[in-house]
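Here is a brief report on one protein chain. Look over the sequence and the model first, then read on.

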Amino acid sequence: LGFWNQLQSVEDLLAPLLFLFGAVFTLLSVRLSLATVLNIRRMPTVERANVTDALTGLHNRTYFDSRMREELLRAERHSLAVSVMLLDIDKFASVNEAYGHDVGAQVLTEIGRIMSSSVRESDSLVRYGGEEMALLATHTPPADAMVLAERLRREIEVGARKALRDAQGARREITVSVGVAGCEAGTKPASNLFELAGQALAKAKREGGNRVASASA
């Protein structure tokens, strides 16, 4: 009552009311700003989830298809070399059948790790689907891509077999087939470079697997 008795007019209420409204406005502004910041921070996480394979941690097909379009345009515009590799694990279904899908997942993850440690940051390595992995190698002519593909094939043959042995004590081979397609610097890259790599992969499979085959772009 003492406070109200001290008020002589309506004007005496203006200062407290203005202070109260200002405090409420400030609180709402802070809450809105905090929500905006949290949403902005959350966006890269969501975007990464959309282009990342949950099992291997590699990028996925969505990311690869986008990068392919960008790099083919860049290669054509600046006359750069570019190559594509498509890799498939030989007889992978039999691994799942013999040891279970959890072991198959370990083999896939190990192959992804081996490849990640052997390629450049400028290259795009993805799990394209199932037991297929794709690599977009920038500034890389077909001959160099073939050398890299053969090195990866050998490293995977050793490393994936070890991963399976560690997981199940199994002594069976884990091999991959690789198809390579690319273009030299100064030439226009084929728009169907990925399809050509797929044809080369099919050729490697027909010839018995555990090998690298090339396609002419």
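## Overall layout

Helices here are DSSP runs of H or I with at least four residues, strands are runs of E with at least two, and both are numbered from the N terminus. The model is predicted. On that basis the protein chain has 7 helices and 5 strands. Their order along the sequence is α-α-α-β-α-α-β-β-α-β-α-β.

## Burial and contacts

The protein chain has 217 residues, and 39% of them count as buried. Take the contacts with a separation of 6 or more: residues 24 or more positions apart account for 70% of them.

## The aromatic cluster

The structure holds 3 aromatic pairs. One of them joins Tyr-128 and Phe-194; it is tilted, with 4.7 Å centre to centre and 35° between the planes. This pair links distant parts of the chain. Tyr-128 sits in strand β2 (residues 124-129), Phe-194 in helix α7 (residues 193-206), and the two are 66 residues apart.

Both Tyr-128 and Phe-194 are buried. Ring pairs also bring in Phe-64, giving a cluster of Phe-64, Tyr-128 and Phe-194.

## Thr-175

Where is Thr-175 found? Thr-175 lies in the loop between α6 (142-168) and β4 (176-183). Its relative accessible area is 9%, so Thr-175 counts as buried, the cut-off being under 20%.

The side chain of Thr-175 makes a polar contact of 2.7 Å with the side chain of Asp-90. Neighbours within four places in sequence aside, Thr-175 is in contact with Asp-88, Ile-89, Asp-90, Glu-157 and Asn-210.

Methods. Residues are numbered from 1 along each chain as its sequence is written. This is a predicted model: local features need pLDDT of at least 70, side-chain atom pairs count only at pLDDT 80 or more; totals for chains, interfaces and linings use all residues. Side-chain values use heavy atoms; hydrogens and water are left out. Buried means under 20% relative accessible area, exposed over 50%, partly exposed in between (1.4 Å probe, protein chains only). A polar contact is a pair of N or O atoms within 3.5 Å; within protein, one must be able to donate a hydrogen and the other to accept it, and residues adjacent in sequence count only if both atoms are side-chain atoms. Contact means heavy atoms within 4.5 Å. Rings of Phe, Tyr and Trp (its six-membered ring) pair if their centres lie within 6.5 Å; planes under 30 degrees apart count as stacked, over 60 as edge-to-face and the rest as tilted.
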